[in-house]
Amino acid sequence: MASVRFTVTPTKAEDLPGLSDTSPDISSRSGARVRFGSRESVNRSDPLSEMSGGLTTTATAGGGGTDTPDHSNMEQGDGNSKISSVYINNSHGVDDDDFYDRNLALFEEEMDTRPKVSSLLSRLANYTNLTQGAKEHEEAEIIGEKKKAGKSPQMGTFMGVYLPCLQNIFGVILFLRLTWVVGTAGMLQALCIVFICCCCTMLTAISMSAIATNGVVPAGGSYFMISRSLGPEFGGAVGLCFYLGTTFAGAMYILGAIEILLMYIAPKAAIFESKYPEGEGAAMLNNMRVYGSICLLLMSLLVFVGVKYVNKLASIFLACVIVSIVSIYIGALVSAFKPPHFPVCMLGNRTINGHEIYDSQCAKTILLQIKEPVERDDANFTITNENSTVDPTFDPSHTPALVEKTTYLWKQFCQGPELNSSCDEYFMSNNFSEIEGIPGLASGIIAENVWSSYLSKGDVVEKGSLNSSHFAHPASTHQPYVFADITTSFTLLVGIFFPSVTGIMAGSNRSGDLKDAQRSIPIGTILAIITTSIVYLSSVVLFGACIDGVVLRDKFGDSVKGNLVVGTLAWPTPWVIVIGSFFSTCGAGLQSLTGAPRLLQAIAKDNIIPFLRVFGHGKANGEPTWALLLTALIAELGILIASLDLVAPILTMFFLMCYLFVNLACALQTLLRTPNWRPRFSYYHWTLSFLGMTICLALMFISSWYYAIVAMVIAGMIYKYIEYHGAEKEWGDGIRGLSLSAARYALLRLEEGPPHTKNWRPQVLVLLKLDEDAHVKSPRLLTFASQLKAGKGLTIVGTVVSGNFLQSYGEALAAEQTLKHLMDKERVKGFCQCIVAQKPREGISHMIQSSGLGGMKPNTVVMGWPHAWRQSEDPQSWKTFINTVRVTTAAHLALLVPKNISLFPSNSEPCTEGYIDVWWIVHDGGMLMLLPFLLRQHKVWRKCGMRIFTVAQMEDNSIQMKKDLATFLYHLRIEAEVEVVEMHDSDISAYTYERTLMMEQRSQMLRQMRLSKSDREREGNPGSSSSRPEAGGATKSQAQLVKDRNSMLRLTSIGSDDDDDTDGGERDRAASGGGSGSSEHHRRVQMTWTKEKTSQYRATHSGCSTPEGFRDMLSIRPDHSNVRRMHTAVKLNEVIVNKSHDARLVLLNMPGPPRNPEGDENYMEFLEVLTEGLERVLLVRGGGSEVITIYS
């Protein structure tokens, strides 16, 4: 858009309102001074300059020097300069009949900036020579804001934060899976897994500490922190994820407790047992489901009865955890001097299941001493020296001292107990051996456990350092080996281990019980993470240095006869670990079942997710009964999964997502530098938060990409649900701060230059008028705007309230609410603006000048056609209309005026057929091409075709014009039918002459009426008809005369808004006079309204008692320029009605208002004549800039 520099200067109050020039030549825009006076008078400082030169280059046009492809001079190869601008350089600046054809006299004052279509199309070839340019608009991603806090009077750092965090972090994974992780991944990769997970929680704790110390923290914990920092949408989504994670953690702890119970404490308690090895896994899962459900029920009842019992048991459970860990360290140290004896039976390098050695013999055969001869039916006796096989050389006559007998393991590998049975090939070629399961700290076993040993499901656990013959086929599941139960990988182990570092929120969840939460939460949480990290890392080293690899890789301790692997290292007995881990997992499960319902209750009480409101209620003392019930049901789903290794990755996802958003919240607050962001904990930095966020995201996809996607989809669905259906909350959150920063950044980017033609879209300012009851008079204007916008771009709906702002503020608020309600009803996304002004004209001018911000200012104004402008004795309505046209022209804004707006279709009335007709008379930036395309994107107009008509004059080659126009549309990628209408020169008809004459008589009468009224007011008694009775009588007779005149003129105003404001009246008129009959009706009026008829009418009315000033009114001669303009309006109307009487919508160039404000009444009459007989008309006036281009 061309830029204009406005200079605001005071003007005298006597200045007449009006606009000296409504459509200046663009080349003079940069230099023209626009002066806004006290009555919105807009005057060009140099009106003559507009006519002197046409548009040449964009550097002149823009004022800012912005060069766009459509406005540049192209030098051709032959040296001749051709103007490639779509604007035509017109050297004729005077009113010249020879140059301006009579048929386009309405547009002659603007022909320098809005050239004839034929002139534009003749230069179509130059479009392809234009240099292409494009502005790249970068998208900005900025950063948000945040807020959180905590305080209360009882507990200190050690008891309130450190110990609860310790208890929640140490859990089932440490006792049941860490040894297996070390054995499978090797010490190096295990250290890597532990280090990454601990880094993740440490960075999250730093971010959490910063948030928790940024103000007073009420009770609410992590959910409060996230929701108040990232807003209700993120808070609800992440809060529910954290809730689900905590609930599944409860299920995982219960499964761990049941695994300890059934595997290591009471294996005989199993209900389901399998006779076949293949079914053992399924039977175990069923046992887990039954016992897990019973345990969950008992724990839920305990929590329901009272949390005080859980809190009393918490210290006992914590003591169990600490004792268990201490026993591991003592056992590791003792093993250096006196390793515990846990033999592991090996066949070759394959590990034998200790449960299968019923006779405790790790050998193929054993030597039995017998005292008397034994006769046997067996043909062969084999005398073996333990595992060596010898040929049968037995002599029955001699009594042997020793007899070889097969062991229980022999029967597992051979078809029978006999020594000559056929046996497994691997069994025959390898011997049994025993190794120490716990070689001890000084054994050097650490060298074997450094590297990874990942297994697939069904693989045998092997010891690589032992020799074996590998020419046998794979082991059968019927054989007594130790098999891998799942396929392992680095990513799987990350997902299984990560829950063992969660629980860092335990301190912040108790923020309401702390004496000084701002001090205790950071210190206690970070110390707890440091402690647990040291324990985990040192445990990895100790396990790798003390325990043999095959025992480490044996998840359930089968090789050591069903002992808990970590228990074998413990001192003084494995039962310390077994009992301790059982109670610690039970305690952690109780903590989860206690915390999760309270978290859900907090979310429900915030009322951001409507369907969760019921869970905000509880018992009289506030205990969340319903939330506990839902928590138990969700935990039961985890119990039914029954496998610890499958449940762990699920809660890994939910916790990681929660931690990710904690880091994000801290980073956003830090980068936004929100004034309220002043944490007492100062050891944080946004880079640490981003690093933590990155690790969280990486761990999510490393551990299980499909679980990560599911977790994100769940969080996204919750986010969208809260956004569209939840209660609106304003928590001063960081996302709103982020939105503000992003909006500011984007607006500043947009300010860098005018938008490229390719990026132009209508940013609409809709001007609505309210009646006395604050109801919108033409709501269909907003409907039309919504059809035009299709949800894109900027929409501002504005209205003007008459009065003083101080007194009318309440009325303005009511008007704003009315507009918002209408926008919601029409589903228009945008803003509303209500301006209070003494005069509507001033208010509209101010609104057009001030609406929008930066690069998001409206570029298109939509306003209604003034109703009944001819019947109104008060000219303010149509004068306001014309003034608005002038103001939009001065501001270089496009203008859309729908006529007969009440006949336009609503959003629920789609057009099933028909055409949108475009009458392209002059080119003013391509608005006429773009608008039908945009309308047809909406469902109401989608099925309408598009026809483009243009007018050819006598000197134009209409055939070539049609070809050029078709080519132009092809390049624009717009599908439309093309037609060139030839308008031949013709003499001005009597009808045109008389119509012009009546128009001027009416204007003169109205002026006389206003003059007589002003005379009456000057005599000191304004508004009194008794002071000058003759003036009052004159007013009445003049009004009657005007009414009589108009009664005949209105015969031709078919379907217009002038007669009746109601939709029904307009529809009836449209039905009776519109459509195909309108043109015949029009011709009939033209034929019958002759000079004789006029003379007869004058004779009839000349005797009326008119005052002196009106005596000679009927004898005036019409102005020649007005006759020519009327001729254009009549001729164009004839052609348009003839071609487009059946169109669903007609788009038409809107002529500009006259430069002389005295001709305003005539301008309204011209527009009325131009659109007579058309049902739906959209008058379009471009803003002076190109809005459509043929380039990609």
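Me: Which elements cover the buried residues of α25?
Reply: The model is a predicted one. The buried residues of α25 are Arg-841, Glu-842, Gly-843, Ile-844, Ser-845, Met-847 and Ile-848. Their cover includes β10 (764–767), β11 (795–802), β12 (831–837), β13 and α26 (876–890).

Me: Just after α25, which residue takes a positive phi, and of about how many degrees?
Reply: Helix α25 spans 840–850, and the loop between α25 and β13 (860–863) contains Ser-851. The residue with the positive phi just after α25 is Gly-852, at about 85 degrees.

Me: Is Ser-851 buried or exposed?
Reply: Ser-851 lies in the loop between α25 and β13. Buried means under 20% relative accessible area. Ser-851 has a relative accessible area of 1%, so Ser-851 is buried.

Me: Which side chain joins that of Ser-851 in a polar contact of 2.9 Å?
Reply: Leaving aside neighbours within four places in sequence, Ser-851 is in contact with Leu-765, Ile-796, Gln-833, Lys-857 and Pro-858. A polar atom of the Ser-851 side chain also lies 2.6 Å from the backbone oxygen of Met-847. The side-chain partner at 2.9 Å is Gln-833.

Me: What relative accessibility does Arg-289 have?
Reply: Arg-289 is found in helix α8 (residues 280–305). Partly exposed covers the range between buried, under 20%, and exposed, over 50%. Arg-289 counts as partly exposed because its relative accessibility is 25%.

Me: What distance separates the C-alpha atoms of Arg-289 and Ser-643?
Reply: Not counting residues up to four places away in sequence, Arg-289 touches Ile-639, Leu-640, Ile-641 and Ala-642. Arg-289 and Ser-643 are 354 residues apart along the chain, and their C-alpha atoms are separated by 9.3 Å.

Me: How many residues of α17 are buried?
Reply: Helix α17 (residues 574–606) reaches 48 Å from its first C-alpha to its last, close to the 48 Å expected at 1.5 Å a residue. After α17 comes Asn-607, with a positive phi near 60 degrees. The helix is mostly covered, and of its 33 residues the number buried is 25.

Me: The structure holds 28 aromatic pairs. Is the pair of Phe-234 and Phe-661 stacked, edge-to-face or tilted?
Reply: Planes under 30 degrees apart count as stacked, and those over 60 as edge-to-face. The rings of Phe-234 and Phe-661 have centres 5.2 Å apart and planes at 45 degrees, so the pair is tilted.

Me: How many residues apart in sequence are the parts that this pair ties together?
Reply: Phe-234 and Phe-661 are both buried. Phe-234 lies in helix α7 and Phe-661 in helix α19 (residues 644–672), so the parts tied together are apart in sequence by 427 residues.

Me: What is the angle between the planes of Phe-805 and Tyr-809?
Reply: In helix α24 (residues 805–826), Phe-805 and Tyr-809 are four residues apart, so they are separated by about one helical turn. Phe-805 is partly exposed at 48% relative accessible area, and Tyr-809 is partly exposed at 43%. The rings are 5.6 Å centre to centre and form an edge-to-face pair, with an angle between planes of 75 degrees.

Me: Which residue in β6 is the bridge partner of Met-346?
Reply: An open sheet of three strands has the order β6-β5-β9, with antiparallel pairing. Its edge strands are β6 (350–351) and β9 (432–436). Strand β5 (residues 343–347) pairs with β6 over two bridges. The partner of Met-346 in β6 is Thr-351.

Notes: Residues numbered from 1 in each chain as written. Predicted model: local features only at pLDDT ≥ 70, side-chain atom pairs only at ≥ 80, totals over all residues. Heavy atoms only, no water. Expected span 1.5 Å × (residues − 1). Buried < 20%, exposed > 50% of the residue type's maximum accessible area, 1.4 Å probe, protein only. Contact = heavy atoms within 4.5 Å. Polar contact = N/O pair within 3.5 Å; in protein donor to acceptor, adjacent residues only side chain to side chain. Pairing = 2+ DSSP bridges. Phe/Tyr/Trp six-rings, centres within 6.5 Å; stacked < 30°, edge-to-face > 60°.
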